[in-house]
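Please consider the sequence and structure shown below. The briefing that follows is arranged by topic.

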Amino acid sequence: MTGEQPIQSEDTLTSLFDYQSRTSEFIIEASKLSKTYQMGSVEVHAVRGVDLQVRRGEFLVILGVSGSGKSTLLHLLGALDQPTEGKAYVEGLDLSTLDHNQLADVRLRRVGFVFQFFNLMPQLTAQGNVELPLKFADVPAENAHGRARELLTRVGLGERRTHVPSELSGGEQQRVAIARALANNPRIILADEPTGNLDTKTGAEIIQLLRNLNQTQGLTFIVVGHDRRLTTVADRVIEMRDGEFVSEREGGGEELVQ
Amino acid sequence: MKFRNILGLSWTNMRRRKTRTALTTLGIVVGIMAVVSISALSGGFEAQITDQLTQGLDMDILTVLPGGGILGGGGLTTLHMNDTVVIQNITGVEATLGFSQSGTTVYNETDGTLDTRIVGLNFTDLEATYGHRLRFADGGFPDSGSNDSCIIGYLEDPIAAVGDNVTTEILVRVGFTFVYVNVSFIVSGVLEEVGSSGMLPFDRSVFIPLDTYQTLFNSESIDMILARIADPTQADAIAEEISTAFEDQVLVIVPTAIINTVMGVFDIMEVFLLAIASIALLVAGISILNIMLVSVMERTREIGIMKALGAKDRTILSQFLSEAVLLGIIGGIFGIIIGWVLAYGMGLALPLLFSGGMTGGFVGGDGNGFGGFGGSSNFTLVPVLPLETIFIAICFAVLISVIFAIYPARKAAKLDPVKALRYE
């Protein structure tokens with residue numbers, strides 16, 4: 001692992017990614033990853049020494065009740081949060097060696113987040129929401145516009161582009177969020193209970209959409225949640241309890257029958 | 001993130017909360033309005049006074065008074081007619097006029113009395129120095145040998161015509177007592193209205209030969225010497241030369257110096273008023289600080305989302321700062337517009353309020369001194385707002401907004417994305 005060297009700029013970050021992408025077998029790795037929160041005088045061990053290796057193109061589902069630490073794990077893997085101990089690697093790069101800006105760049109270009117509560121910007125249209133990460137990445141306006149349009153069409157929202165989130169249904173909002181996660185063409189999508197706030201039918205549609213993206217685009221998915229239907233489409237299912245992995249098995253690896 | 005995109009997002013955010021944006025801007029609007037209207041009004045006032053002074057003070061006339069230095073400490077106590085020769089010999093001086101004056105009462109048999117001043121001077125010098133400005137309504141300069149002739153300045157209600165006798169009562173010192181002596185003069189000419197002029201007021205004055213004046217008042221000295229110079233732009237240099245010629249024992253008054261002194265007073269007043277108006281801007285800044293802090297709290301979740309999507313700290317920072325810039329620009333523009341309208345309205349209203357004595361008496365005393373405002377009837381106050389002021393006002397508005405937005409913006413930029421995302 002060469003990620004121990006300090007990395008100075010975004011340019012070197014990119015070139016290092018290219019180099020390490022060839023050298024690393026796993027797109028995401030975690031070793032002895034721990035996160036401890038201090039809640040007043042009480043120490044909360046959200047994640048306890050997790051080891052994880054995720055293959056390229058894998059659809060990994062992590063099941064667990066709320067409070068099991070699965071969301072925290074997702075945040076650690078997606079460079080949104082920093083571990084108390086252990087290391088996380090994204091596309092072979094040791095996140096612990098990166099500074100604030102470089103971590104932001106990982107979130108911008110290497111991973112895409114999908115949340116339970118969609119987390120769309122309320123003042124922006126569907127189009128504007130998808131364009132936002134493209135603007136963060138300094139994509140020229142015309143390209144950003146075309147890209148957002150294309151992505152919204154891909155998730156089935158071509159006609160609803162000009163609506164703001166409050167004018168969209170939950171399922172539609174989650175589709176916008178998925179399109180937004182795909183904006184800068186990351187190879188990894190991290191989804192935190194993507195169906196948790198949707199009805200059964202819409203939830204199934206969203207699960208199927210994620211599976212399709214996994215199959216057709218070769219994107220790697222790590223989906224956390226407690227929706228049992230996720231296990232049907234998953235390649236691998238890990239169960240998490242009290243911050244630790246308690247079981248691991250193969251998933252159905254199938255399409256979701258609706 | 002490109003600046004244009006940041007501005008675009010800021011604009012969207014501000015439009016989302018129109019009322020709040022308007023209220024936040026209001027502070028800036030009021031502050032800039034106060035600053036702009038004060039500076040426009042005082043600019044207009046200055047322009048007006050400069051104009052009046054320039055008209056009233058002949059720019060090509062230097063005044064030489066006895067006494068050295070500004071405070072007149074030491075120096076000559078008196079000037080004499082032969083001093084004019086010294087001044088006359090300085091290059092650039094075209095003509096000199098020495099004179100003395102005193103207040104008195106003049107009357108004639110038919111038309112009653114006139115409180116006036118009597119001025120003793122050489123008529124040839126008067127013609128050489130002021131000939132181009134003086135017009136006789138009737139008559140002309142007396143014959144050179146005549147020592148009992150006079151000319152009378154313009155009067156609305158003339159007390160004498162050419163050829164009439166006028167009598168003046170003069171208090172004369174005889175030994176240790178004072179006695180009133182009546183002296184009569186034959187009017188040889190009546191002047192047309194001159195209006196305001198410098199140290200030598202023409203209207204309402206009675207001019208007699210200097211020799212006669214000095215005999216009457218038992219005096220060999222003169223009050224002051226006026227020097228007409230060829231090139232007003234050389235005034236300072238020539239004044240310096242005159243001073244040097246008298247070993248700094250005289251005081252030379254340059255018309256521009258008078259204007260500068262008056263303007264200096266206005267500048268101090270303006271700075272004082274602007275300082276007060278700036279307090280409004282300070283309050284506006286504090287309200288921006290306050291509202292932005294609330295805004296950061298309300299938008300915590302959005303900030304978390306933006307960070308999760310890969311926004312850097314500096315993107316969030318510039319997001320909030322650019323909102324402050326927009327607030328400043330909008331507030332500045334509206335402040336300037338309203339400030340201008342206010343200044344214009346006050347420019348129309350003020351002369352009505354102060355019609356009469358105030359402005360006339362401000363500089364001129366009796367309206368005949370230099371720079372009298374002609375009874376204020378034609379006094380108008382047009383606010384002056386140069387582009388420079390507009391530019392400075394906008395910059396100031398933006399500066400205030402940005403300074404007070406730095407703290408909330410930094411707070412937003414430093415938010416922990418995970419906590420921010422959980423924020424309800």
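How many helices and how many strands does the secondary structure of chain A come to? The secondary structure of chain A comprises 8 helices and 10 strands, where helices (H or I, at least four residues) and strands (E, at least two) are DSSP runs numbered from the N terminus. This is a predicted model, in which local features need pLDDT of at least 70 and side-chain atom pairs count only at pLDDT 80 or more, while totals for chains, interfaces and linings use all residues. Residues are numbered from 1 along each chain as its sequence is written, chains are lettered from A and ligands numbered from 1 in the order in which they are written, and side-chain values use heavy atoms, with hydrogens and water left out.

**Chain A as a whole**

- Chain A has 258 residues, of which 57% count as buried; buried means under 20% relative accessible area, exposed over 50%, and partly exposed in between (1.4 Å probe, protein chains only).
- Among the contacts in chain A with a separation of 6 or more, 71% join residues 24 or more positions apart; a contact means heavy atoms within 4.5 Å.
- Chain A has an accessible surface of about 10,800 Å², and carbon and sulfur atoms hold 46% of that surface; accessible areas come from the Shrake-Rupley method with a 1.4 Å probe, and for residues only the protein chains shown count as cover.

**Where chain B meets chain A**

- The contact involves 30 residues from chain A and 25 residues from chain B.
- About 2,400 Å² is buried between chain B and chain A, with 60% of it on carbon and sulfur atoms; buried area is the accessible area (1.4 Å probe) that two parts lose on being put together, summed over both.
- Met1(B), Leu309(B) and Lys312(B) supply 25% of the area that chain B buries against chain A, more than any other three residues.
- There is 1 salt bridge between chain B and chain A, a salt bridge being a side-chain nitrogen of Lys or Arg within 4 Å of a carboxyl oxygen of Asp or Glu.
- Lys312(B) forms a salt bridge with Asp105(A), and their closest N and O atoms are 3.3 Å apart.
- On the side of chain B that touches chain A, at least two residues come from each of helix H1 (3-16), helix H8 (300-308), helix H9 (313-353) and helix H12 (417-422) of chain B.

**Loop residues of chain A**

- Glu58(A) lies in the loop between strand S2 (42-55) and strand S3 (59-63), and Glu58(A) is buried because its relative accessible area is 1%.
- Leaving out residues up to four places away in sequence, Glu58(A) touches several residues, including Asn214(A), Phe221(A) and Arg236(A).
- Phe118(A) is found in the loop between strand S6 (111-114) and helix H4 (126-136); its phi is near 65°, a positive value in a residue other than glycine.
- Phe118(A) has a relative accessible area of 6% and is therefore buried.
- Asp242(A) is in the loop between strand S9 (236-241) and strand S10 (244-250), and Asp242(A) has a positive phi of about 50° although it is not a glycine.
- Asp242(A) has a relative accessibility of 52%, so it counts as exposed.

**A helix residue of chain B**

- Gln214(B) belongs to helix H5 (residues 210-216) of chain B, and Gln214(B) is buried, with a relative accessible area of 15%.
- Gln214(B) and Phe99(B) are 115 residues apart along the chain, and their C-alpha atoms are separated by 10.0 Å.
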